[in-house]
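Please load the model in your viewer and follow the selections below in order.

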Amino acid sequence: MLKTDTELCSLLGIRYPIVQAGMAGGATTPELAAAVSQAGGLGTIGAAYMEPEALREAVRKIRILTHEPFAVNVFAVQPPDDFSRLEEVQRALKPFREELNLPAPPDTYESPDRREALLEVCLEQSVPVISTAFGCLDRQQTRKIKEKGIKLIAMATTVEEGLEAQEAGADAVTAQGAEAGGHRGTFSLDRHPDGALIGLMSLVPQMADTLRVPVIAAGGIADGRGIAASLALGAAGVQIGTLFLTAKEAGIHPLYKKAVFEADGTDTVVTKSFSGRPARGIRNRFINEFEKSGTAPLPFPSQNTVTKELRAAAGKQGEPELMSLWAGQSAGMMTEEAEAAAIVRRLIEEAKKVLG
Ligand SMILES: Cc1cc2nc3c(=O)[nH]c(=O)nc-3n(C[C@H](O)[C@H](O)[C@H](O)COP(=O)(O)O)c2cc1C
């Protein structure tokens, strides 16, 4: 009989096999991560866009709020900047900048690469778990993590990537289905320019049959039925992002939260318009008009860097049509805000009921 007490629980020292996804960009406050961990899941700080000092502070705060394990999520890979088509992209962005009363953009940009510094903070703070997106950490980084006794989870979107992550030392692999909100974790966009888009139902059993390490199902899960189904498909746990955006503790703009509640699941799309990397979010005017302009976005991270000021201004001016509203296909299942601990409790009660 399937049980909610899985090998992932013993691996990570958690009560329930529920990972709150690390979501870069401010959603995953220390309060959110700590509440999830305290409730028996694994809370995660999405650190990729944070300054190292802010991450250090967040880790300290979590440790004040809970003694339970938690994770820090970082991007393993960052391609070099490519601003060769900057002028063309700025032309397509001009109407949005004008609408938001932004001054003329700078002539040059540089994307910050904080990966090494963020990992240093994780090592220095001996965080219990590090999770990664977009690829694998290198051998030296992995060795340092292992020496500290830190558990490593890598996200993958194909069986091949899952195997690569396992070989590179991941203690567990997150299988990200096409339903998932946020960036596609696909390692090589050369082979899959729009990100590999295998549905979770097909991805999890293949991943579970092939890998030695526990598989965590991610994408479209927002209730206990999704957890029970994932366990039935061979997963040892689930990772949930979009649902936790609706937690009281989530650090997102109120209009973003409102958009998640209003989305009915048909209105999320995978787009490169905001960041240059395929990511699933709620379709809005920015996506429609940028795509209609016929201008190809710059590759990640350059497009993300160039649209940053615009997205921030949209947030400040309360214009959700120009914000990046990352969310997955489960958005249609969300009806009301709740405390993160209550979300975890509900999920596990529902899962136990389904599992009988
Ligand atoms: C707002 C948002 C931001 C995200 N940022 C990250 C991130 O920084 N790192 C990461 O590994 N995954 C990120 N993800 C993807 C999650 O890890 C996970 O795959 C996804 O949320 C699962 O699907 P769901 O949203 O349907 O629950 C993000 C997801 C969302 C919704």
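**Whole chain**

Start with the cartoon: the chain has 14 helices and 11 strands, where helices (H or I, at least four residues) and strands (E, at least two) are DSSP runs numbered from the N terminus. Its radius of gyration, taken over C-alpha atoms, is 19 Å, close to the 21 Å that the globule rule gives for 356 residues, so the chain is as compact as a globular protein of that length. That rule is 2.2 Å times the number of residues to the power 0.38. Along the principal axes, the C-alpha atoms fill a box of roughly 60 × 45 × 40 Å.

This is a predicted model: local features need pLDDT of at least 70, side-chain atom pairs count only at pLDDT 80 or more, and totals for chains, interfaces and linings use all residues. Residues are numbered from 1 along each chain as its sequence is written.

Ala24, Gly181, Gly182, Gly241 and Gly328 come nearest. The elements giving two or more residues to this shell are β7 (182-183) and β9 (237-240).

**Ala327**

Now select Ala327, in the loop between α13 (302-316) and α14 (340-355). Is Ala327 buried or exposed? Ala327 counts as buried because it has 28 C-beta neighbours inside 10 Å; the cut-off for buried is 20 or more, and for exposed 12 or fewer. Beyond residues up to four places away in sequence, Ala327 touches residues including Gly181, Thr242, Leu245 and Val260, a contact being C-beta atoms, placed from the backbone, within 7 Å. Finally, select Arg345, 18 residues from Ala327 along the chain: their C-alpha atoms are separated by 22 Å.

Definitions and conventions. A residue is near a molecule or strand if its C-beta atom, placed from the backbone, lies within 6 Å of it. Two residues are in contact if their C-beta atoms, placed from the backbone, lie within 7 Å.
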